[in-house]
Amino acid sequence: MADALFDIAAERLEESSDMDRLAARGTLRLALKAAGLDANRLTIPQLRTVFEKIMPKELEARGVADAAASCKTAMGAIERAASENELAASNSPDEIFKRLGGS
Amino acid sequence: MEQSAYLISIAAGIFYLIAGYRLLRLSGRTGERPELLLGIYFALTGQWYVLYNAPDLLGIEALSPLVNNGIEWIYVVGVVPYLFFIRSAFRPGSAWATAVVIGCTLCLFAGAAVSSLSGGYSISLDDPAFMIEWIGYTVPCIWMCGEGALSNAAARKRVRIGLCDPIVANRYLLFACFGFCQTAACASELSWAYENSAGGAATSISEGLLGVTEIASVAILWLAFFPPLVYRRWIDGRAASRSTSAEEA
């Protein structure tokens, strides 16, 4: 399911930024790596943070005009397309290790 | 072994039993599998520690081979849910992780079965049953150490952008340290096996290493499962000062 979420996010990024498919997927992978996230276990809140805090700088570095607006458009499209594909939060490693300490 | 070494192992076993009980209660409340698997591991490992060391501490001579084998099987069965826990937490759906789980389980069961049928194994490099079983319970310790370290590195990045609680990132590191201590304990057991196979007895170095790793393991798990308020505050404060200095830079 999270694989599908990555694909959806890459497609929406491609549409909103005028990057080609390869560049959009590569940029998304780099942003996820900078955020310490696994492309196979993504959640919508994680992607939202990436598109707010990391992706604008990544797009600016690649010469995308109005990077912030592109990110906002892409994230809106991702949320509409992927709301049913989100990985159950209780299965993420962070949630598991949070529960283990009772916090 | 010295009486103090038996005492340390039994104390560690009691701590594992408490941790296991707490995790099993947690799984009862949440209905989630990871805490159930880890709870079973600690509950069975704790039982093994107590049952394996108590007769020596109490000065009971030799237990019957049937009882000894039964005690050994408790440990062997206990490691299997630990393997499944690591897989389900870090590598769900991964083919190589499934292969590691199957391989280690086969090693554990083959080693225990051969030793049961041949009247029990000796901790010696000359005993294939011991060596096969040793691989089966050492690999998960190394695996936990590696996954914990990798997850900690990634979680520290997430902490900076507010996607991960600092205490959770630290818990990955604690589990990596636990895996490292358990690996060191397994290594000390191997040095003990080397000494036995060379015709000598366990030296104070391998016994000492075993004792230190047990104490360190319990201390680490205490911080992971029962983090005191002062420790939580220290972790939060450190994360806050790191993100402040990162923003300034």
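Helix axes here are lines fitted to C-alpha atoms over the stretch in contact, and angles run from 0 to 180 degrees between N-to-C directions. Helices are DSSP runs of H or I with at least four residues, strands are runs of E with at least two, and both are numbered from the N terminus.

With that, chain A. Take helix α3 (residues 44-53) and helix α5 (residues 67-82) of chain A. Their axes come within 10 Å and cross at roughly 170 degrees. So α3(A) and α5(A) are roughly antiparallel. The cut-offs: under 35 degrees is roughly parallel, over 145 roughly antiparallel, 65 to 115 roughly perpendicular, and the rest oblique. Which residues make the contact? From α3(A), they are A:I44, A:L47, A:R48 and A:F51. From α5(A), they are A:C71, A:A74, A:M75, A:I78, A:E79 and A:A82. Contact means that C-beta atoms, placed from the backbone, lie within 7 Å. By class, that contact has eight nonpolar, no polar and two charged residues. Nonpolar covers Ala, Val, Leu, Ile, Met, Phe, Trp, Tyr, Cys and Pro; charged covers Asp, Glu, Lys and Arg; the others, Gly among them, are polar.

A word on provenance. This is a predicted model: local features need pLDDT of at least 70, side-chain atom pairs count only at pLDDT 80 or more, and totals for chains, interfaces and linings use all residues. Residues are numbered from 1 along each chain as its sequence is written, while chains are lettered from A and ligands numbered from 1 in the order in which they are written.

Now confidence. pLDDT is the predictor's confidence in each residue, from 0 to 100. Chain A has a mean of 86, with 88% of its residues at 70 or more. Within chain A, helix α1 (residues 2-17) is lowest, at a mean of 86, and helix α2 (residues 21-34) is highest, at 94. Chain B has a mean pLDDT of 90, and 95% of its residues reach 70 or more. For the complex, the predictor gives an ipTM of 0.87 and a pTM of 0.87.

On to chain B. It has eight helices and zero strands. Its C-alpha atoms fill a box of roughly 65 × 40 × 35 Å along the principal axes.

One packing pair inside chain B. Helix α3 (residues 65-90) and helix α5 (residues 128-160) of chain B pack at about 25 degrees, axes 10 Å apart. That makes α3(B) roughly parallel to α5(B). Contact residues include B:Y82 and B:F90 of α3(B), and B:W143 and B:E147 of α5(B). The classes are nine nonpolar, two polar and one charged.

Last, the interface. Chain B gives 25 residues and chain A gives 18. On the chain B side, the largest share, six residues, comes from α5(B). That side divides into 15 nonpolar, three polar and seven charged residues.

How do the two α6 helices meet, and at what angle? Helix α6 (residues 93-100) of chain A packs on α6(B) at about 85 degrees, with axes 9 Å apart. They are therefore roughly perpendicular. A:D94, A:F97, A:K98 and A:L100 of α6(A) meet B:V168, B:R171 and B:Y172 of α6(B). That contact has four nonpolar, no polar and three charged residues.

Terms used: Two residues are in contact if their C-beta atoms, placed from the backbone, lie within 7 Å.
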